[in-house]
Structure formats: C-alpha cells, structure tokens
Amino acid sequence: MKLLVFRALWGMEGAPQDMVRCIAEAGYDGVEGIPQGVGRADWTAMLGDHGLKMIAQIFTDTAEDFAAELARAVEYGPLRVNVHSGRDCMSRDEGCAYFERALREEERHGIPVAHETHRGRLFFTPWDTAYYLQRFPTLRVCADFSHWVTVCERMPNDQAEALRLACERAVHIHGRVGMEEGPQVPHPAAPEYERYVLWHEKQWDAIRAAHEARGDEVLTFTPEFGPPGYMHTLPFTDVPVADLWEVCLWSAHRLRERWSDIG
C-alpha cells in the first residue's frame with residue numbers, strides 16, 4: 001500500500017498554475033479541489049505537467065445536487081470524489097433517500113466517493129453517521145474527526161462503535177486536528193495541543209489498518225487546515241496566529257514520518 005498526500009486548494013491564493021507549481025515543489029502527490037475560472041482541459045493539463053493526481057470536492061444539499069455535481073466532477077478524472085453530503089436538519093427518511101440516490105449514482109460512474117464527517121451535513125455526529133453506515137453497507141467515508149470532537153464537545157471515546165465503523169469505511173482522510181471548542185487547533189506542532197494530535201493519529205492508524213486488511217493499494221490523506229475563520233486570528237487585527245502553508249506542510253511531513261514504511 002502507498003500513502004498519497006494531497007494539498008487542498010482551500011486557503012491558497014494566486015494564479016492556478018502558481019498554486020499547482022508550489023504544491024508540486026513542496027512534495028505533495030496531488031491536489032484536492034477544483035479551482036474557479038479554469039477550464040477542465042487546462043486544469044488537468046496543469047496537474048499532468050507536474051505529475052499531480054486530483055481529488056475532486058463537491059458540495060450538495062439534495063440528491064439532485066449530488067447527481068449533477070458528481071457527473072461534473074468525474075469528467076476531471078479524479079482519484080476520489082469527496083462530498084459534503086446533505087444537511088444536518090434532514091430527517092432520517094430524507095437522509096436515507098439522499099444516500100439511496102447517491103449510491104446509485106456512485107455505482108453508475110464507478111468512482112470512489114467519500115462522504116465527509118462534517119458539521120452541518122448528514123454525517124455531523126458519530127451517532128447519525130453510524131445509523132447511515134449500518135443502513136447502507138457500501139457507503140464510504142471521508143474521515144474528518146475534527147468536526148466530531150467539536151460537535152460532541154469532547155473527545156468522543158464513548159462513541160467507539162461509530163468510530164470503528166467510520167474508520168473501517170473511510171476511503172480518504174482530512175487530517176485537520178480539532179478540539180472541544182473548535183475544529184482547528186491554532187498550530188498542531190505546539191506542545192499544548194499534542195494530546196489532540198495523538199488522539200486523531202490513533203483514528204488515522206485505525207483507518208490505515210482497515211486499508212491494509214482490505215488489501216487497498218493507496219491511502220489518501222489531505223492535511224486540510226483552513227484559513228481564517230478556521231485559523232485563529234489576533235483580536236482587532238485579523239492577523240492569523242500561524243502560517244497556513246507551514247501548518248499543512250508540517251502535518252504532511254509528520255504523517256509521512258509516522259508512516260514512513262508506506263510513504
């Protein structure tokens with residue numbers, strides 16, 4: 001199995017070709033996201049020139065949104081498609097209808113789709129996620145457990161079965177580190193946040209173990225830390241307390257060192 005580390009476009013600025021060049025020079029394996037204002041052929045050519053792979057990301061409120069956005073995303077030839085799925089206010093019946101349609105579309109296109117554990121979406125809590133994963137055995141996950149830590153306002157160790165299910169079904173990791181009062185620690189290298197880093201790494205280890213048990217060829221990881229307002233800022237100035245590029249790169253290097261046998 002091989003570890004592939006992606007850099008999210010979220011929080012990056014500048015011309016698309018400059019962003020791609022910086023990502024490639026930093027040693028990432030690919031890019032997560034689709035930029036605005038760039039045609040499909042131009043974007044895929046930019047990635048190809050630098051030997052970068054792609055994970056598409058789509059945002060959907062309804063099953064109809066999902067069908068349309070997935071069809072658009074697969075035209076880029078991504079390795080995976082990551083999805084913000086539905087809304088947290090949907091009833092269980094509405095959520096089931098969403099995933100029934102989504103799974104039909106996924107099968108039709110034949111591409112791995114990861115539904116993200118994200119606030120505001122159907123997978124916004126461990127218990128809601130577990131309900132849908134138990135109901136739909138082929139449903140797959142993008143594990144961003146920073147959201148669950150914040151929603152639960154605790155390290156959700158009491159949700160062991162939901163964590164187990166999510167780790168087993170995860171086909172992509174968003175490696176942001178969250179805490180009880182927010183989905184992003186100011187800087188994961190700071191010693192005061194080490195316990196949060198270690199907790200998230202424990203979950204990522206479980207995802208790796210599930211990949212190995214299945215015999216998967218690749219494991220994909222995006223250190224998806226975000227800009228302000230995910231990134232903390234100094235009062236009255238809106239100046240970020242850390243450099244986003246450096247935070248993401250630190251996180252990428254730490255995981256590559258931790259999993260050096262597959263990196």
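## Helix packing, rings and backbone features

Helix α3 passes α4 in a right-handed crossing. The contact is made by A63, E64, F66, A67, L70, A71 and V74 on the α3 side. On the α4 side it is made by Y98, R101, A102, E105, E106 and H109. This is a predicted model. Helix α3 covers residues 63-74, and α4 covers residues 92-109. Their axes cross at roughly 20 degrees, and angles under 35 degrees count as roughly parallel, so α3 and α4 are roughly parallel to each other.

Two packed helices are described by the angle between their axes and the distance between the axes.

| Helix pair | Axes come within | Crossing angle |
|---|---|---|
| α3 and α4 | 9 Å | roughly 20 degrees |
| α7 and α8 | 8 Å | roughly 50 degrees |
| α8 and α9 | 13 Å | roughly 55 degrees |

Take α7 and α8. The axes of α7 (residues 160-169) and α8 come within 8 Å and cross at roughly 50 degrees. That angle makes α7 oblique to α8. Helix α7 passes α8 in a right-handed crossing. From α7, the residues in contact are L163, C167 and E168. They meet W199, Q203, A206, I207, A210 and R214 of α8.

Next come α8 and α9. The axes of α8 and α9 (residues 244-258) come within 13 Å and cross at roughly 55 degrees. That makes α8 oblique to α9. Helix α8 passes α9 in a right-handed crossing. Here V197, L198, E201, W204 and D205 of α8 meet R254, L255 and R258 of α9.

L165 has its place in helix α7. At 8% relative accessibility, L165 counts as buried. L165 and Q134 are 31 residues apart in sequence, yet their C-alpha atoms are 8.3 Å apart in space.

### Aromatic rings

A pair of aromatic rings is described by the distance of the centres and the angle of the planes. The structure holds 11 aromatic pairs. One of them joins W10 and Y230 in an edge-to-face arrangement. Their ring centres are 4.9 Å apart, with 85 degrees between the planes. W10 lies in the loop between β1 (2-8) and α1 (16-25), and Y230 in the loop between β8 and β9 (233-234), so the pair ties together parts that are 220 residues apart in sequence.

Are the two partners buried or exposed? W10 has 33% relative accessibility and counts as partly exposed. Y230 is buried, with a relative accessible area of 19%.

Ring pairs also link F66, Y98, F99, F123, Y131, Y132 and F136 into a cluster. The charged end of R92 sits over the ring of Y131, 4.1 Å from its centre.

### Backbone and loops

Most residues other than glycine have a negative phi, and most peptide bonds are trans.

A cis peptide bond joins P228 and G229. Omega there is about -5 degrees. G229 is found in the loop between β8 and β9. Y230 also lies in the loop between β8 and β9.

F236 has a positive phi, near 70 degrees, and is a residue other than glycine. F236 lies in the loop between β9 and β10 (239-240). At 89% relative accessibility, F236 counts as exposed.

D238 is not a glycine, but has a positive phi of about 60 degrees. D238 lies in the loop between β9 and β10. At 55% relative accessibility, D238 counts as exposed.

One more loop residue is G215. Its place is the loop between α8 (194-214) and β8 (218-222). G215 is exposed, with a relative accessible area of 52%. How far apart in space are G215 and M1? They are 7.5 Å apart, C-alpha to C-alpha, and 214 residues apart in sequence.

Definitions and conventions:
Residues are numbered from 1 along each chain as its sequence is written. This is a predicted model: local features need pLDDT of at least 70, side-chain atom pairs count only at pLDDT 80 or more; totals for chains, interfaces and linings use all residues. Side-chain values use heavy atoms; hydrogens and water are left out. Helices (H or I, at least four residues) and strands (E, at least two) are DSSP runs, numbered from the N terminus. Buried means under 20% relative accessible area, exposed over 50%, partly exposed in between (1.4 Å probe, protein chains only). Rings of Phe, Tyr and Trp (its six-membered ring) pair if their centres lie within 6.5 Å; planes under 30 degrees apart count as stacked, over 60 as edge-to-face and the rest as tilted. A charge sits over a ring if NZ of Lys or CZ of Arg is within 6 Å of the ring centre and within 35 degrees of the ring normal. Axes are lines fitted to C-alpha atoms, for helices over the stretch in contact, and angles run from 0 to 180 degrees between N-to-C directions. Angles under 35 degrees count as roughly parallel, over 145 as roughly antiparallel, 65 to 115 as roughly perpendicular and the rest as oblique. A crossing is left-handed if the near helix is turned anticlockwise from the far one by less than a right angle, and right-handed if clockwise. Contact means heavy atoms within 4.5 Å.
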